Amino acid sequence: MPVEVRRTNAGLELDLTGEWGIREFGELDAQLHALDLQGAGQVRIDTSGIKSLELSGAWALHEFVQRARTAGVTVAFRGQPPDQLSLLDKTLKDAATEAADSEPAIAAASHDSAVTLAPVGPHAPLLTAVGRHTVGAWRDTLEGLAFLGRVILTFFGSVTSLRRLRPISIARHVYDTGITAIPITALIAFLIAVIIAYMSAQQLRGLGVDIYVVDLVTIGVLRELGVLLTSVIVAGRSGSAFAAELGSMKLNEEVDALIATGVDPFEVLVVPRIVGLVIALPLLTIIADLVGLTGGAVLTRYLLDMPLTQYVNRVNEAISPTTFWVGVIKAPVFAALIGISGCYHGMQVRGSARELGRLVTVAVVQAIFFVILADALFAVLFMELNI
Amino acid sequence: MQYPVLEVRGLVNRFGDQVVHDGLDMEVEQDEVFGIVGGSGSGKSVLLRSILGLQRPQAGTVRIYGSDITKMTETQLLSVKERYGVAFQSGALYSGLTVLENIQEPMIEHLNLPARALDELALLKICLVGLPTSAAGKYPAELSGGMVKRAAIARALALDPALLFLDEPTSGLDPVSAAAFDDLVLYLQKQLRLTIVMITHDLDSIFRTCNRVGVIVDRKMVSGTLAQIVEYPNPWIQAYFHGERASARLGEIAHGA
């Protein structure tokens, strides 16, 4: 036991022994708190048995002495009180004068921090929470629109001169977001064609119209799934990459360095990324379409025993001249949505690594959401146009 | 037997063909402030990383309180790591946590303390390093450079270590803040009876705080008291301590001694 207690007529005598460090703090604190000061007129403390009195141990003792004194008990030390106590007194006094507060600084601060640290979570009244979210969402929308406006202005400002459009940077982003994404996009397009072919073959065979498998694969891949799945993959790959790159550049003050040297970060960082993606995604979509049709051919050849010539003929009959373009025309729009979402959230990062992670996640989720929303709008539009 | 607090013997660090340290010796005694000095690229940071166990040297021993950390497993290293604190150059505060939470982090990892004790002890450390208590709830991004450095020391002191490593504590501070920081280092050293090992470029800081200095020259270390080092016949050391900026300071020790 680090605290040996003897009760005498005058009061308590405490013999303190052993290590008084942060590792023992829990035990020390508990023992000192458990001491009953009721009826003790005087406490005499002998610290000579302590092997090492570290700051945390001294804090436990200091708190006890404070408690005893507030309870009206006189506290005396056998010999000199340990230096650490006077260090604590001095530290607290300095802090208190700085805080210009009559309360003991530590108690005051822990009170303060408890207030400021309290999460605005489920405890906050519902109305406040709703209001906060509404204002936050409104502000996000405005900031997003401002960002979009700035991107468009910068783009049209730089499109007049080749140097300001940064072709090398654009080429790099076409490579990063397009060329390196070919294998995964192709694989997914192939698998999607396989899935549609299998599913529709099962259904249509019973009706004896399994030739329509070709129609389903062709139209499905060309109009919708080729471009949609490619966009989802690219949102995951490049939307996150944009947000993470720009975000860590923000954290590293690289963006500030650009601004300070008179370079517009929108011109060198944001626009080349978005333009690069707008070029790359339609090309990726065309590749996905090709691979999807090939997948359909392979499947119908082996699943339905349909000769290749018949497949090609059927494809020609199934599609109208617009089918391919209806798919590809959506790609640049999706690309712009993904690029803007990634860059916008990347540029929003400030302060901490956690913020970076959060915003990268938001960037990807929002990019995918906008892509699907836009696809739905396109579907309505094309239906109205009878395409 | 009494061990030195920190003892490095025959340290060799190589990266490919590049030899950074070749038989480096270093010794730090109880209660001293030991300054590590060296030109840019002389391997100060590599030395610190070797001492902290962040990097295994190719040869040599690093003894902290007598136990050789180069032969330890990661789990054994943990018990040594509890005995020293490190304040990194740029603070390396966890950016997602407040100052208070930063200081509590090592306590939560290593100890089982109630929340009240965590708050009190962390706030005590904040007061001790001269930060206002209002800084407790702030995030590192909201602090000034000097406050980040102080917060880093407060976190390094979280577990009441007896040995403290500081990596360029005054870099990036203005001379007044740097002087105040040196005072803080001296104050803490005296009050908490710390042994401090610091890497520094700051001549003012060396002259104010260090009892002994070790200079890395030619992949080895030359160490001694300031007066001894200043007289050491090596061109780099001479250039360092007898440059224009150092001359004024040298006069002071000559008078003081």
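B:Gly214 stands opposite B:Ser223 in strand S10 of chain B. The two residues belong to a pair of strands, S9 (residues 212-217) and S10 (residues 220-225) of chain B, which pair in the antiparallel sense over six bridges. Strands here are DSSP runs of E with at least two residues, helices are runs of H or I with at least four, and both are numbered from the N terminus. Two strands count as paired if DSSP finds at least two bridges between them. The hairpin of S9(B) and S10(B) has two residues between the strands, and in it B:Asp218 takes a positive phi near 50 degrees.

This is a predicted model, in which local features need pLDDT of at least 70 and side-chain atom pairs count only at pLDDT 80 or more, while totals for chains, interfaces and linings use all residues. Residues are numbered from 1 along each chain as its sequence is written, chains are lettered from A and ligands numbered from 1 in the order in which they are written, and side-chain values use heavy atoms, with hydrogens and water left out.

Chain B also holds an open sheet of four strands in the order S2-S1-S4-S5, with antiparallel pairing. Strand S2 (18-28) and strand S5 (67-68) of chain B each have a single partner strand, so one side of each is left without a neighbour in the sheet. Strand S1 (residues 6-15) of chain B is joined to S2(B) by eight bridges. In S2(B), B:Met26 is the bridge partner of B:Val8. Helix H1 (residues 44-51) of chain B lies across S1, S2 and strand S4 (59-64) of chain B, and runs at about 120 degrees to S1(B). Such angles run from 0 to 180 degrees between N-to-C directions, and the axes are lines fitted to C-alpha atoms, for helices over the stretch in contact. Contact means heavy atoms within 4.5 Å.

Chain A has an open sheet of four strands too, in the order S1-S2-S3-S4, with mixed pairing. Its edge strands are S1 (3-7) and S4 (74-77) of chain A, each of which pairs on one side only. Strand S2 (residues 11-20) and strand S3 (residues 42-53) of chain A pair in the parallel sense over nine bridges. A:Trp20 has A:Leu53 in S3(A) as its bridge partner. Helix H2 (residues 55-70) of chain A lies across S2, S3 and S4 of chain A, at about 180 degrees to S3(A).

Further along chain A is helix H9 (residues 212-251). Its 40 residues should span 58 Å at 1.5 Å a residue, and its end C-alpha atoms are 55 Å apart, which agrees; the expected span is 1.5 Å times one less than the number of residues. H9(A) bends by about 60 degrees at A:Val221, the bend being the angle between axes fitted to the seven residues ending there and the seven starting there.

How do the two chains meet, and how many residues does the contact take from each? Chain A gives 30 residues and chain B gives 31 residues. The area buried between them is about 2,600 Å², of which carbon and sulfur atoms give 64%. Buried area is the accessible area (1.4 Å probe) that two parts lose on being put together, summed over both. In chain A, A:Ile22, A:Arg23 and A:Leu55 lose the most area to chain B.

Four salt bridges are found across this interface, a salt bridge being a side-chain nitrogen of Lys or Arg within 4 Å of a carboxyl oxygen of Asp or Glu. A:Arg23 forms a salt bridge with B:Glu82, with the closest N and O atoms 3.1 Å apart.
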